[in-house]
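The tour below moves from one selection to the next.

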Amino acid sequence: MSEKKKGKSQAIPQARISVLLVEDEESFVDALQIGLTSEGFDVTIARDGVEALQEFDEGSFDLILLDMMLPRLSGLDVCRTIRGQSDVPIIMVTAKSEEIDTVVALEIGADDYVTKPYRLRELVARMRAVLRRQAAEGVASGDEDGFEVIELGDVRLELDRRRAIVRGEEVHLRRKEFDLLAILMENAGRVLTREVLIDRIWGSDYIGDTKTLDVHVKRVRTTIEADPKSPLMLTTIRGVGYRFDGKPKTD
Ligand code: CA
(Lines give C-alpha, C1' and ligand atoms only; values in the text may rest on other atoms or scores of the structure.)
Protein backbone atom coordinates (compact mmCIF):
# COMPACT_ATOMS: atom_id res chain seq x y z
CA MET A 1 0.00 0.00 0.00
CA SER A 2 1.34 3.38 -0.89
CA GLU A 3 1.94 5.71 2.01
CA LYS A 4 1.70 8.75 -0.23
CA LYS A 5 -0.89 11.05 1.25
CA LYS A 6 -2.67 14.00 -0.17
CA GLY A 7 -1.41 16.60 2.31
CA LYS A 8 -4.86 17.95 3.14
CA SER A 9 -7.08 16.60 5.91
CA GLN A 10 -4.38 17.30 8.47
CA ALA A 11 -6.71 17.71 11.46
CA ILE A 12 -4.93 14.97 13.36
CA PRO A 13 -1.18 15.16 13.46
CA GLN A 14 -0.38 11.41 13.66
CA ALA A 15 0.48 9.84 10.33
CA ARG A 16 -1.73 6.73 10.40
CA ILE A 17 -4.63 6.22 12.73
CA SER A 18 -5.47 2.64 13.55
CA VAL A 19 -9.12 1.72 13.47
CA LEU A 20 -10.79 -1.48 14.57
CA LEU A 21 -13.73 -1.97 12.23
CA VAL A 22 -16.32 -4.33 13.68
CA GLU A 23 -18.81 -5.18 10.97
CA ASP A 24 -20.40 -8.37 9.69
CA GLU A 25 -21.91 -7.16 6.42
CA GLU A 26 -19.43 -7.95 3.66
CA SER A 27 -20.47 -5.06 1.44
CA PHE A 28 -19.83 -2.58 4.25
CA VAL A 29 -16.53 -4.22 5.17
CA ASP A 30 -15.20 -3.98 1.63
CA ALA A 31 -16.32 -0.42 1.02
CA LEU A 32 -15.04 0.81 4.38
CA GLN A 33 -11.70 -0.90 4.09
CA ILE A 34 -11.04 0.80 0.79
CA GLY A 35 -12.53 4.14 1.80
CA LEU A 36 -10.90 4.44 5.19
CA THR A 37 -7.51 3.26 3.95
CA SER A 38 -7.55 5.97 1.29
CA GLU A 39 -8.40 8.49 4.03
CA GLY A 40 -5.23 7.54 5.87
CA PHE A 41 -6.52 5.02 8.39
CA ASP A 42 -5.04 1.62 9.16
CA VAL A 43 -8.00 -0.74 9.25
CA THR A 44 -8.26 -3.99 11.19
CA ILE A 45 -11.44 -5.98 10.69
CA ALA A 46 -13.46 -8.06 13.12
CA ARG A 47 -16.58 -9.80 11.82
CA ASP A 48 -18.37 -10.56 15.06
CA GLY A 49 -18.44 -9.44 18.67
CA VAL A 50 -16.16 -12.13 20.04
CA GLU A 51 -13.56 -11.49 17.36
CA ALA A 52 -13.83 -7.78 18.16
CA LEU A 53 -12.82 -8.35 21.78
CA GLN A 54 -9.96 -10.65 20.73
CA GLU A 55 -8.63 -8.05 18.29
CA PHE A 56 -9.03 -5.36 20.90
CA ASP A 57 -7.00 -7.36 23.42
CA GLU A 58 -4.24 -8.06 20.94
CA GLY A 59 -3.97 -4.75 19.19
CA SER A 60 -3.66 -1.09 19.94
CA PHE A 61 -6.33 1.09 18.38
CA ASP A 62 -6.99 4.80 18.16
CA LEU A 63 -10.67 4.34 17.43
CA ILE A 64 -13.31 1.64 17.23
CA LEU A 65 -16.10 1.60 14.69
CA LEU A 66 -18.66 -0.75 16.11
CA ASP A 67 -21.72 -2.15 14.38
CA MET A 68 -24.69 -2.63 16.71
CA MET A 69 -26.07 -5.90 15.30
CA LEU A 70 -23.33 -8.49 15.31
CA PRO A 71 -23.15 -12.28 15.45
CA ARG A 72 -22.14 -13.95 18.72
CA LEU A 73 -21.95 -10.82 20.88
CA SER A 74 -23.88 -7.61 20.33
CA GLY A 75 -22.31 -4.23 19.73
CA LEU A 76 -23.69 -3.07 23.08
CA ASP A 77 -21.94 -5.92 24.91
CA VAL A 78 -18.71 -5.23 23.08
CA CYS A 79 -18.97 -1.52 23.89
CA ARG A 80 -19.61 -2.22 27.56
CA THR A 81 -16.68 -4.62 27.83
CA ILE A 82 -14.22 -2.33 26.09
CA ARG A 83 -15.37 0.66 28.11
CA GLY A 84 -14.64 -1.31 31.25
CA GLN A 85 -10.97 -1.36 30.26
CA SER A 86 -10.27 1.59 28.04
CA ASP A 87 -11.20 5.16 27.04
CA VAL A 88 -10.57 4.47 23.36
CA PRO A 89 -13.10 6.41 21.26
CA ILE A 90 -16.02 4.25 20.11
CA ILE A 91 -18.44 5.17 17.33
CA MET A 92 -21.50 2.96 17.08
CA VAL A 93 -22.96 2.11 13.70
CA THR A 94 -26.70 1.59 13.94
CA ALA A 95 -29.78 1.09 11.84
CA LYS A 96 -32.72 3.50 12.05
CA SER A 97 -34.78 0.98 13.99
CA GLU A 98 -32.19 0.81 16.75
CA GLU A 99 -32.77 4.23 18.26
CA ILE A 100 -33.29 2.92 21.78
CA ASP A 101 -30.10 0.89 21.61
CA THR A 102 -28.35 4.04 20.44
CA VAL A 103 -29.36 5.87 23.59
CA VAL A 104 -28.17 2.94 25.68
CA ALA A 105 -24.87 2.87 23.78
CA LEU A 106 -24.24 6.53 24.54
CA GLU A 107 -25.09 5.98 28.17
CA ILE A 108 -22.65 3.11 28.54
CA GLY A 109 -19.89 5.20 27.05
CA ALA A 110 -19.95 5.20 23.23
CA ASP A 111 -18.69 8.56 22.01
CA ASP A 112 -20.93 9.02 19.01
CA TYR A 113 -22.94 7.08 16.47
CA VAL A 114 -23.77 7.04 12.78
CA THR A 115 -26.92 5.61 11.24
CA LYS A 116 -26.86 3.34 8.19
CA PRO A 117 -26.88 4.22 5.40
CA TYR A 118 -24.24 6.90 5.75
CA ARG A 119 -21.73 8.51 3.48
CA LEU A 120 -18.05 7.85 3.90
CA ARG A 121 -17.44 11.58 4.15
CA GLU A 122 -19.86 11.91 7.04
CA LEU A 123 -18.36 8.94 8.83
CA VAL A 124 -14.82 10.25 8.44
CA ALA A 125 -15.91 13.67 9.71
CA ARG A 126 -17.37 12.04 12.82
CA MET A 127 -14.24 9.97 13.32
CA ARG A 128 -12.04 13.03 13.09
CA ALA A 129 -14.30 14.97 15.46
CA VAL A 130 -14.10 12.23 18.08
CA LEU A 131 -10.32 11.97 17.71
CA ARG A 132 -9.96 15.74 17.89
CA ARG A 133 -12.00 15.82 21.04
CA GLN A 134 -9.82 13.18 22.58
CA ALA A 135 -6.64 14.93 21.52
CA ALA A 136 -8.00 18.14 22.97
CA GLU A 137 -9.27 16.50 26.14
CA GLY A 138 -8.82 19.31 28.50
CA VAL A 139 -9.05 21.92 25.81
CA ALA A 140 -9.91 23.30 29.17
CA SER A 141 -6.60 24.83 30.06
CA GLY A 142 -5.42 27.45 32.47
CA ASP A 143 -5.34 31.08 31.37
CA GLU A 144 -2.59 33.46 32.46
CA ASP A 145 -3.96 33.54 36.01
CA GLY A 146 -4.46 29.79 36.15
CA PHE A 147 -8.25 29.95 35.77
CA GLU A 148 -9.86 27.19 33.76
CA VAL A 149 -10.88 28.15 30.24
CA ILE A 150 -12.50 26.30 27.32
CA GLU A 151 -12.35 27.89 23.91
CA LEU A 152 -14.15 26.28 20.98
CA GLY A 153 -15.77 27.72 17.91
CA ASP A 154 -16.93 31.26 18.65
CA VAL A 155 -17.19 30.69 22.36
CA ARG A 156 -14.75 31.18 25.21
CA LEU A 157 -15.92 29.98 28.61
CA GLU A 158 -14.00 31.00 31.70
CA LEU A 159 -15.21 28.28 34.02
CA ASP A 160 -13.89 29.56 37.33
CA ARG A 161 -14.96 33.14 36.71
CA ARG A 162 -18.20 31.93 35.10
CA ARG A 163 -17.76 34.34 32.23
CA ALA A 164 -18.86 33.61 28.67
CA ILE A 165 -17.34 35.45 25.73
CA VAL A 166 -18.87 35.06 22.28
CA ARG A 167 -17.12 36.44 19.22
CA GLY A 168 -15.02 38.63 21.47
CA GLU A 169 -17.85 40.07 23.57
CA GLU A 170 -18.89 39.10 27.03
CA VAL A 171 -22.48 37.77 27.15
CA HIS A 172 -24.80 37.02 30.00
CA LEU A 173 -25.94 33.46 30.68
CA ARG A 174 -28.04 32.43 33.64
CA ARG A 175 -26.59 29.86 35.98
CA LYS A 176 -28.16 26.73 34.47
CA GLU A 177 -27.57 28.00 30.95
CA PHE A 178 -23.90 28.39 31.76
CA ASP A 179 -23.82 24.88 33.26
CA LEU A 180 -25.47 23.44 30.16
CA LEU A 181 -23.02 25.12 27.80
CA ALA A 182 -20.05 24.11 29.94
CA ILE A 183 -21.04 20.42 29.96
CA LEU A 184 -21.63 20.42 26.21
CA MET A 185 -18.33 22.17 25.50
CA GLU A 186 -16.39 19.89 27.82
CA ASN A 187 -17.77 17.01 25.75
CA ALA A 188 -17.55 18.74 22.38
CA GLY A 189 -18.07 16.43 19.43
CA ARG A 190 -19.91 13.94 21.60
CA VAL A 191 -23.66 13.43 21.79
CA LEU A 192 -25.06 13.86 25.28
CA THR A 193 -28.46 12.34 25.87
CA ARG A 194 -31.28 14.37 27.35
CA GLU A 195 -31.23 12.14 30.42
CA VAL A 196 -27.53 12.74 31.03
CA LEU A 197 -27.89 16.49 30.60
CA ILE A 198 -30.89 16.75 32.90
CA ASP A 199 -29.18 14.59 35.48
CA ARG A 200 -25.95 16.58 35.39
CA ILE A 201 -27.57 20.00 35.43
CA TRP A 202 -30.61 19.55 37.63
CA GLY A 203 -29.74 16.38 39.50
CA SER A 204 -31.44 13.02 39.50
CA ASP A 205 -34.28 14.20 41.70
CA TYR A 206 -35.38 16.62 38.99
CA ILE A 207 -39.15 16.55 38.65
CA GLY A 208 -39.82 19.39 36.24
CA ASP A 209 -40.98 18.62 32.75
CA THR A 210 -38.45 17.77 30.08
CA LYS A 211 -39.26 20.94 28.14
CA THR A 212 -37.13 22.84 30.62
CA LEU A 213 -34.05 21.48 28.89
CA ASP A 214 -35.26 22.64 25.49
CA VAL A 215 -35.99 26.09 26.85
CA HIS A 216 -32.46 26.34 28.17
CA VAL A 217 -31.01 25.10 24.90
CA LYS A 218 -33.01 27.73 23.07
CA ARG A 219 -31.75 30.51 25.32
CA VAL A 220 -28.15 29.38 24.99
CA ARG A 221 -28.52 29.31 21.20
CA THR A 222 -29.95 32.81 21.17
CA THR A 223 -26.88 33.91 23.08
CA ILE A 224 -24.09 32.10 21.24
CA GLU A 225 -25.27 31.37 17.71
CA ALA A 226 -24.88 33.94 14.95
CA ASP A 227 -28.18 32.60 13.59
CA PRO A 228 -30.09 30.80 16.36
CA LYS A 229 -32.52 29.35 13.78
CA SER A 230 -29.67 27.53 12.04
CA PRO A 231 -27.36 26.63 14.90
CA LEU A 232 -23.81 25.72 13.92
CA MET A 233 -22.46 24.94 17.36
CA LEU A 234 -25.23 23.60 19.57
CA THR A 235 -26.64 20.79 17.46
CA THR A 236 -29.85 18.81 18.08
CA ILE A 237 -29.57 15.05 17.63
CA ARG A 238 -33.17 14.10 17.09
CA GLY A 239 -34.66 11.70 19.56
CA VAL A 240 -31.39 11.49 21.47
CA GLY A 241 -29.97 14.73 22.78
CA TYR A 242 -27.50 17.49 21.94
CA ARG A 243 -23.92 17.94 20.82
CA PHE A 244 -21.57 20.91 20.78
CA ASP A 245 -19.66 21.21 17.50
CA GLY A 246 -16.84 23.63 17.46
CA LYS A 247 -13.29 23.39 16.29
CA PRO A 248 -10.64 24.46 18.74
CA LYS A 249 -9.46 27.97 17.94
CA THR A 250 -5.90 26.75 17.68
CA ASP A 251 -6.34 25.17 14.23
CA1 CA B 1 -24.57 -5.97 11.45
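Which residue forms a salt bridge with Asp154? Select Arg167: in this predicted model, Arg167 pairs with Asp154, and the closest N and O atoms are 2.8 Å apart. Arg167 sits in the loop between strand 9 (163–166) and strand 10 (169–171), and Asp154 in the loop between strand 7 (148–152) and strand 8 (155–158), so the pair ties together parts 13 residues apart in sequence. Arg167 is partly exposed at 43% relative accessibility, and Asp154 is partly exposed at 29%.

Next, select Glu151, Arg156, Glu158, Arg161, Arg163 and Glu170, which salt bridges with shared partners join into one network. The structure holds 23 salt bridges.

Now go to Glu25 and Lys116, a salt bridge with its closest N and O atoms 3.1 Å apart. The two are 91 residues apart: Glu25 is in the loop between strand 1 (17–22) and helix 1 (26–38), Lys116 in the loop between strand 5 (112–115) and helix 5 (120–135). Glu25 is partly exposed, at 36%, whereas Lys116 counts as buried, at 14%.

Select Arg126 and Asp112 next; their side chains meet in a salt bridge at 3.4 Å, N to O. Arg126 belongs to helix 5 and Asp112 to strand 5, so this pair ties together parts 14 residues apart in sequence. Both Arg126 and Asp112 are buried.

Finally, show helix 2 (residues 49–58) and helix 3 (residues 75–83), whose axes come within 9 Å and cross at roughly 20°. That makes helix 2 roughly parallel to helix 3. Their crossing is right-handed. To see the contact, select Gly49, Ala52, Leu53 and Phe56 of helix 2 with Val78, Thr81 and Ile82 of helix 3. By class, this contact has five nonpolar, two polar and no charged residues.

Methods: Residues are numbered from 1 along each chain as its sequence is written. This is a predicted model: local features need pLDDT of at least 70, side-chain atom pairs count only at pLDDT 80 or more; totals for chains, interfaces and linings use all residues. Side-chain values use heavy atoms; hydrogens and water are left out. Axes are lines fitted to C-alpha atoms, for helices over the stretch in contact, and angles run from 0 to 180 degrees between N-to-C directions. Helices (H or I, at least four residues) and strands (E, at least two) are DSSP runs, numbered from the N terminus. Angles under 35 degrees count as roughly parallel, over 145 as roughly antiparallel, 65 to 115 as roughly perpendicular and the rest as oblique. A crossing is left-handed if the near helix is turned anticlockwise from the far one by less than a right angle, and right-handed if clockwise. Contact means heavy atoms within 4.5 Å. Ala, Val, Leu, Ile, Met, Phe, Trp, Tyr, Cys and Pro count as nonpolar, Asp, Glu, Lys and Arg as charged, and the others, Gly among them, as polar. A salt bridge is a side-chain nitrogen of Lys or Arg within 4 Å of a carboxyl oxygen of Asp or Glu. Buried means under 20% relative accessible area, exposed over 50%, partly exposed in between (1.4 Å probe, protein chains only).
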